[in-house]
Amino acid sequence: MGAGEEMHARTVKMSTPGVLAVVTVFSMIPGGLLSDIRDTQGLEGQQLARGSTVLHHRQKRGWIWKQLFVQEEDPTSQIIGQVKSDSDRGTFTIKYRLSGEGAGDVFKIDENSGEIWTLKKLDREKKAFYVLQAHAINTRTEEPVEPQSEFIIKVQDINDNAPQFLNEPYVSSIPEMSPVGTTVAQVTATDADDPMFGNNAKLIYSILQGEPYFSVQPKTGIIVTSWADMNREAREEYLVVVQVKDMLGLSGGYSSSTTVTVTLTDVNDNAPTFQQHVYTFALPENAAVGTTVGRIMAEDGDIGSNAKMTYRLEDDLIESSTFIIETDPVTQEGVILLGMPLDYESKRRYMMVAEASNNHPDTRFLPLDEFSDRTTLKIFVEDVDEPPVFFSAVYEWKIPENAAVGTVVGTVSARDTDTVKNPIRYSIDKKTDATNAFKIDPNNGTIAIAKALDRETADWHNMSVEAKETMQNHLSSSVVVFITVLDVNDNVPRLARDYQPYICEGTQAGELIHLLSAVDPDKAVEEHHFYYSMVPQERINPNFTIRDNQDNTAGIVARRSTFTRKDQTQYLLPVVLTDSGTPALSSTTTLTIGVCSCLPAGHCPTAGVEALALSGFSMQTLIGILVCLVTLTALSVLMLIVRRHRRKQQEGTDMEVKELELPETFSQKVLYYGERRDGLDFCQPPVPLRPHPRRRDRKLRREEVRASIRMSLRESHLIGPEDEVFRQFILDRLAEADQDPYVPPFDCLRTYAYEGSGSSSGSLSSLDSCLEFEPEKPVCNTNPYAVRLTPWYGGAEEDTFF
C-alpha cells in the first residue's frame, strides 16, 4: 500500500483457500473530486453461493484512482483519471472495464492500464456530472477480481454563456410629476453558467440610455426616477436601455441589453384656457329652438378625464335664458343652442359670459380657483321676412252630427309679425279634407259646415288650414284643426244577425228556444240599453213570448208544449226592439220559427226550415219576397206536372222484360232488347251494370231532403262520423238514390227465349248483338211494342238538384 492511502479490512466467509484479501485505495488529487465508493459483495456472494462453510479473515484490496474531473467545451480527447486495483502487478492478469452514464460514448477506459479518456467535448449546462462503475476482471477466468466500484466524474464550468433578460419586452408607466426615486420597473437576467464556480454567473446592471431621468440599481435591476417633475405635456415617452454583465462586470465577461419603454400618465396639472376673449355669432330670427348657434373651445393640456370640463352661462344676465350651452363629450367643446324663439323686432343683440371649468381638479398641482376660465359671447339676430303666425298651435272643436249646413264650427286667426303687417288670407288644404265637409271664410278664417255630417260615416275630421300673406313673398304657414262629430240618436236598433230559430216537437212550456242580441250604429253596445217586446197585437200570443234579460239580450220562450209539424210547420213572431237614446228609436223584425222533429241530442237534421227575417217596417221587402215565393212555387208545380206526364208515357208501354239473375259483382255492359212477334229491336245502346238496391225505406219528400241538407251543413261543425245525425244523413241519401226512378238505372240482366239454330235471324244473344249491330245505326224499325229504357238510364231528360 502506498503512503496516504486508507486501508479497510472486511471479514468475509470464504470457501476456497489461497484467495487474497482486497484493499480499496482512494487517491486524492488536489482540485479533484473524491467519489463515493459503493462496494458490492459480488465476490463474497459467489463464494457463499458455492456453499462454503469455513470462515477466513482476509485483507480487502482497493482501487487506485487519479484525476476524476473534466473541463467543459474541451474538444481534445484526453486522460482525465485512472482506476487501478492494488492487486494489479503489471502482469496483465487483470483487465478493466467501464459501465454507467456515458461509458463507451463519452468516456472510455484502457483495459490494461485503467486510464479513463474523454471521447468528445462536454457541456456542463446540458449535464453537470456522470455516474460510472469500474470493474476489475481476471483476464483468464473472466471472474471479477474486485467488486465493482461506482464513482462520479464532474464537468468543470467555464464562462461560456452570456446573461439573458427574462420577460421581455419591458413596458412601464408612471404618473407625470413623480418624485425622484419612484420605482419604474425591475429587469431580471439569468446566466446559465455555474453560480457556485467563480464569477461566471455573477451579474451586474447598468444604464446605457435614459440618464439623467432614470437610474438602475446594479445588483437588483430596479429602475427608478432620477429627475423631478417630468412633464407629460413636454415629453410623454422614454426609452431606457439597461445592460447586464457577468463576471461582475470585469473584462472578458459576457453582456446583454434590453429596452424598457416608460410612459408618463396624465395628471390634472393644467387648467382650461380660452384662446379668445370674445366670440361673435349671428342667427336669423326664424331659427328653430334647438338650433346650434356656434361652438367655443377652452384648451386644456391634459387628456382623458383630466381634460373633461363643463361649460355654463352666467345666470345673472337676462340674455342667458334665451340660450343654453352644452359640452360635446367627444371634442370637449361648448355647444351654444337656441333655447327660446328669437324676434328681431323685439331684441337684436345678446351678450353673455361663458365659463369652462375642469370636472376633476387636483389641488396637489393647482389651486382650485385656477381650474376654470371665462370668455364673452356676442350673438346678433338677423331680420327675416316671416310667415303669418297662428294664435294657437292647434284648434280643436266639437259639433253635433245633426248640425245644419252653414253652422259655424269655429274661427282660426293668424298675424303677420313683421313690421309691414301684410293682410292674410285663409284656405283649407284640400288634400287634408277629402270629404269637403267644411268651408272657410278666406278673409276672417271662420270655418262652417259645407254639407251634412254623419258620425257613423266619419266621427272626426282633421284638416290643415293655411294662412298666406297677400303681399311681397306670399309667405304662408299652416295649422291643424281637429273637429269631433258628436253622436245623435238617428239610427234604429236592429238584431245582431239574421236569426233562424226553430222549436223541437215536444218542447215544454217555459223552455228557452233562442237567444237574441242587438246592435246600434250610433254608440257602442255597452253605452246603449236595448228593450225587447212583442207588438201590441201579439202580446197575448198563445205560442211564444219574449223574455228581456236586462243585459241587452232577450230569449224566445215557448208558452205551450203541443208543437207538432202535423199541426203547423212554422210560426211568425214579430219582435219590437227599442234603444235607450233620446229620442228613443225602435224597429220591428218578424222571425220565422220552424217546427222540427229533433234528434235526442237536440239537432234538427231533416225537418229544420230556414227562418226568414222580415222587417216589420219594410212592407215593400216583404211583398217582394212573397212574389218570389209564389213564382218558385208555380215553377215547382209545373215541373212536377211535366215529370208525371213523362212517367205515365213510360208506364204505358207493355214491353215484357225478363230479369237475368247474376251475381252482384258482375260488371259487363249488355244490350237490352225487347220481344215482339215480328222481330227484334236493337235501337238502344249498351248500359253498365250496377248492384240492385236492397233497401226499401220510406221515400222522403224533396222539401225534406233540401231542409235536411241545409240543416246538416249548418250543424256539421258540431257532429262527426260517429254522430247519429251524420249516420242518418248518409242513410237518407242512399235511400233517395235507391228509390228515385229518375236517377241512373239499376244494373240488371234480362232473360229471353231462344228461337233455335234454324231461325232466319240467327242467335238472339245480347253479347252477339253488341258485336253485330252498332247502337248508333239501328238495323230494324221501331214499333209500338218497343220499350224505351230512359227510366233506367236516368238523367237523360232531366236532372234533379237539391
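Let's start with the sheet: four strands form an open sheet in the order β12-β19-β18-β15, and the pairing is mixed. Keep in mind that this is a predicted model, where local features need pLDDT of at least 70 and side-chain atom pairs count only at pLDDT 80 or more, while totals for chains, interfaces and linings use all residues. Residues are numbered from 1 along each chain as its sequence is written, and side-chain values use heavy atoms, with hydrogens and water left out.

**The open sheet**

- Strands here are DSSP runs of E with at least two residues, helices are runs of H or I with at least four, and both are numbered from the N terminus.
- Two strands count as paired if DSSP finds at least two bridges between them.
- β12 (170–175) and β15 (204–209) sit at the edges with a single partner strand each, so one side of each has no neighbour in the sheet.
- Strand β18 (residues 237–245) pairs with strand β19 (residues 255–265) in the antiparallel sense, over 9 bridges.
- V240 has V260 in β19 standing opposite.
- As background, strands of a sheet pair through backbone hydrogen bonds, either parallel or antiparallel.

**The disulfide**

- The count comes to 1 disulfide (a pair of cysteine sulfur atoms within 2.5 Å).
- That disulfide joins C504 and C598, with the sulfur atoms 1.9 Å apart.
- The two cysteines are 94 residues apart and link distant parts of the chain: C504 is in strand β39 (residues 502–504), and C598 is in the loop between β45 (586–596) and β46 (614–615).
- The torsion about the S-S bond of C504 and C598 is about -85°, so this disulfide is left-handed.
- Buried means under 20% relative accessible area, exposed means over 50%, and partly exposed is in between (1.4 Å probe, protein chains only).
- C504 is buried at 17%, whereas C598 is partly exposed at 23%.

**Salt bridges**

- The structure holds 17 salt bridges (a side-chain nitrogen of Lys or Arg within 4 Å of a carboxyl oxygen of Asp or Glu).
- In general, side chains of opposite charge can pair when their charged atoms come close.
- R232 bridges to E233, with the closest N and O atoms 2.9 Å apart; R232 is buried at 9%, and E233 is partly exposed at 28%.
- R312 bridges to E355, with the closest N and O atoms 2.8 Å apart.
- R312 is in strand β24 (residues 309–313) and E355 is in strand β27 (residues 349–358), so this pair ties together parts that are 43 residues apart in sequence.
- R312 is partly exposed at 36%, while E355 is buried at 10%.
- E314 bridges to R374, with the closest N and O atoms 3.5 Å apart.
- E314 is in the loop between β24 and β25 (323–327) and R374 is in strand β28 (residues 372–382), 60 residues apart.
- E314 is buried at 12%, and R374 is partly exposed at 49%.
- R312, E314, E355 and R374 are linked in a network of salt bridges.

**How confident is the model?**

- The chain has a mean pLDDT of 75 (the predictor's confidence in each residue, from 0 to 100), and 70% of its residues reach 70 or more.
- Residues 607–619 have pLDDT below 50, with 34 contacts (heavy atoms within 4.5 Å) beyond near neighbours in sequence.
- Residues 748–759 also have pLDDT below 50, with 27 contacts beyond near neighbours in sequence.
- Where pLDDT is low, the predicted coordinates should not be read in detail.
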